Amino acid sequence: MDHNRNWHYIVLRTDEEKENAFGYAKKIADDFDADRYLNMPRPYPITFGQKMYGYAMPRQYTMLKDAPYVIVPVFKSKELNGEYVSKLNPFATVWCVIENIFLAATAEDLSCSMRIPLGKEHDIVKAKLKVPPTYMIPVFIGVGYANPEEKILEQYEPNLEKQIHRGKWR
């Protein structure tokens, strides 16, 4: 684990704070053509993940903007270096922290939304939130109560018999 615990959190609460941070996400969401994406010709049937992406992408700005709180975890690392798995420790440990945020929210009957920064969005938000240059933002987490009217999309059902290997990879 990252024994230095070089994690910090920026909590956005006001509409102004969220609009300032996520203006680029709004542009991405506004420019996304879900119908075109979902109906483009593919050499294979559309996957559950693609359906989820097509549904969620236009909503990713509002999922953050409308959440009562947005947590922006940051971790100390100028860049990701995957030369050796151990060099990814800062990235891996911050994702453990993120999972714990999701579990803690769920334990309090709250829900979370998540947006992973796309392309130059990371650097744009980092600059707007004045994050030091030696830190990175892995994700934006909206926290609040789930909308009971929200559509629930079909999910992939894991096949544990094929995914869990005992003793060695089969």
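1. Glutamate 19 counts as partly exposed, at 40% relative accessibility; buried means under 20% relative accessible area, exposed over 50%, and partly exposed in between (1.4 Å probe, protein chains only). This is a predicted model, in which local features need pLDDT of at least 70 and side-chain atom pairs count only at pLDDT 80 or more, while totals for chains, interfaces and linings use all residues. Residues are numbered from 1 along each chain as its sequence is written, and side-chain values use heavy atoms, with hydrogens and water left out.

2. The side chain of glutamate 19 forms a salt bridge with that of lysine 65 (3.4 Å, N to O). A salt bridge here is a side-chain nitrogen of Lys or Arg within 4 Å of a carboxyl oxygen of Asp or Glu. The pair links distant parts of the chain, 46 residues apart: glutamate 19 is in helix 1 (residues 15-21) and lysine 65 in helix 5 (residues 60-65). Helices (H or I, at least four residues) and strands (E, at least two) are DSSP runs, numbered from the N terminus.

3. How many salt bridges does the structure hold? There are five. Side chains of opposite charge can pair when their charged atoms come close.

4. A further salt bridge joins the side chains of lysine 26 and aspartate 30 (2.9 Å, N to O). Both residues lie in helix 2 (residues 23-31), four residues apart, which is about one turn of the helix. Lysine 26 is partly exposed, with a relative accessible area of 35%, whereas aspartate 30 counts as exposed at 53%.

5. Glutamate 121 and arginine 115 also meet through their side chains in a salt bridge (2.8 Å, N to O). Are these two residues buried or exposed? Both are buried. Elsewhere, salt bridges that share partners join Asp15, Glu19 and Lys65 into one network.

6. Two backbone angles deserve a comment. Most residues other than glycine have a negative phi. Aspartate 109, although not a glycine, has a positive phi of about 65 degrees. Aspartate 109 is located in the loop between helix 6 (89-107) and strand 3 (111-115), and is exposed, with a relative accessible area of 63%.

7. Lysine 130 is not a glycine either, yet has a positive phi of about 60 degrees. The loop that holds lysine 130 runs between helix 7 (121-128) and strand 4 (135-136). Lysine 130 is exposed, with a relative accessible area of 72%.
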